[in-house]
Amino acid sequence: MARTLKQSRSAEARVEDLTKVRLTVEQILADIEARGDGAVRELSKKFDGWDREDYRLTEDEIKACVSQLSKTNLDDIRFAQEQVRNFAKLQRDSMKDIEVETLPGIVLGHKNIPINSVGCYVPGGKYPLLASAHMSVITAKVAGVSRIVTCAPPYKGKPAPAIVAAQHLAGADEIYCLGGIQAVGAMALGTKSILPVDMLVGPGNAFVAEAKRQLFGRVGIDLFAGPTETLVIADESVDGEICATDLLGQAEHGPNSPAILLTNSEKLARDTLAEIERLLGILPTAAVARQAWEDYGEVIVCDTLEEMVSEADRIASEHVQVMTSDPDYFLKHMTNYGALFLGPRTNVAYGDKVIGTNHTLPTLKSARYTGGLWVGKFLKTCTYQRVLTDEASSMIGEYCSRLCMLEGFVGHAEQANVRIRRYGGKNVAYATAAE
């Protein structure tokens, strides 16, 4: 039976936090919808200390940001973007339009149609998370989206050069230095200076995530997102140092980022706890990581591999790092995860920054029903049908007529009946089922 050596703080406290966020977001979105650019500008001044007439960056401003990065910086960004682009192209190639004659004279098909406009949020208030530009903009480009808007908050009082460069190199059509709820609200609802988009994507803080949740339906979103989560599944084939390093490497995202160790070794569990304390004494981001670990960190010890899989699927973590003697066992049996990182030679940071898979992934147990952002999220799979012959129309119409009348939909039945009369030459009485 699984036993917990370290437990996270109460669920009640988390619910209270989310309620406060929800109410704040509701008020701000209503203000943006009512007052447009005026509200956006006030919010930007209030939350980011950032004020300008037009938040869209000019070509000269973009060039100035790019020029601040070294050749190595730019080469590294291009390398990471090429990995993301390559994998997105492979994913796109796996999605085929189809057209098939399912019955004589009846043709069915579907087309994968790109969404027309997408707003990509790139977080950057605490850290300039330029990787989020790769993950959203490039994937949308590969899908064929024709208008891609990006928003990122100012960093230390000005546009973050690395984020702007990443947005530009990825191919964004409009780049805004604008953050938080005001950015998401402006892209979704539209203002005089920012035309609305059809879909919002990209990670963000609790307020950005809640704004996307409230706007869903008016626009599409990639997924419902919460704080970054990591689950390390490990046995004694690795040691406490590497487990602790990988847990804290994600805990530094924010003070409410869950980090969980799941193991079948109590010795490894206790060694990891000791290593976490040691590393928190030297990690430059320890203030954030320690709070996340104290409030949201867990250590769970299981007896069997089967129990470890069961616990992992219950947790349904965003990132799942598997460092066991047989990582393929978890690849074969696990069903609930955002992304798997198999073996000690890989890690979540590789996936977050450079390896090519997308880092916008499901959190808050939504891995039970969705995967992460990928090229398919930017495509609508839309069906069509074509009936080629009189005989086919009459034949399928007879079935349709009877089924519609069985449901009581007389008008529906007549759509079939009129074609049976015209193309099948059969005298079906009005508002009756075909024989």
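Q: How many cavities of 30 Å³ or more does the count come to?
A: The count comes to 1 cavity of 30 Å³ or more. This is a predicted model, where local features need pLDDT of at least 70, side-chain atom pairs count only at pLDDT 80 or more, and totals for chains, interfaces and linings use all residues. Residues are numbered from 1 along each chain as its sequence is written, and side-chain values use heavy atoms, without hydrogens and water.

Q: Why is this space called a cavity?
A: On a 1 Å grid over the protein atoms alone, a cavity is a set of points where a 1.4 Å probe fits but cannot get out. The largest cavity holds about 40 Å³ of space, a volume being the space filled by probe spheres set on the points, joined across faces, edges and corners.

Q: What makes a residue part of the lining?
A: It has an atom within 4 Å of a point. For the largest cavity, L57, A152, I163 and Y176 are among them. Helix α6 (161–170) and strand β6 (174–177) each supply at least two lining residues; helices are DSSP runs of H or I with at least four residues, strands runs of E with at least two, numbered from the N terminus.

Q: How is the lining of the largest cavity divided by class?
A: It has 10 nonpolar residues, 1 polar and no charged. Ala, Val, Leu, Ile, Met, Phe, Trp, Tyr, Cys and Pro count as nonpolar, Asp, Glu, Lys and Arg as charged, and the others, Gly among them, as polar.

Notes: On a 1 Å grid over the protein atoms alone, a cavity is a set of points where a 1.4 Å probe fits but cannot get out, and a pocket is an open set with protein on both sides within 12 Å along at least five of seven lines; lining residues have an atom within 4 Å of a point.
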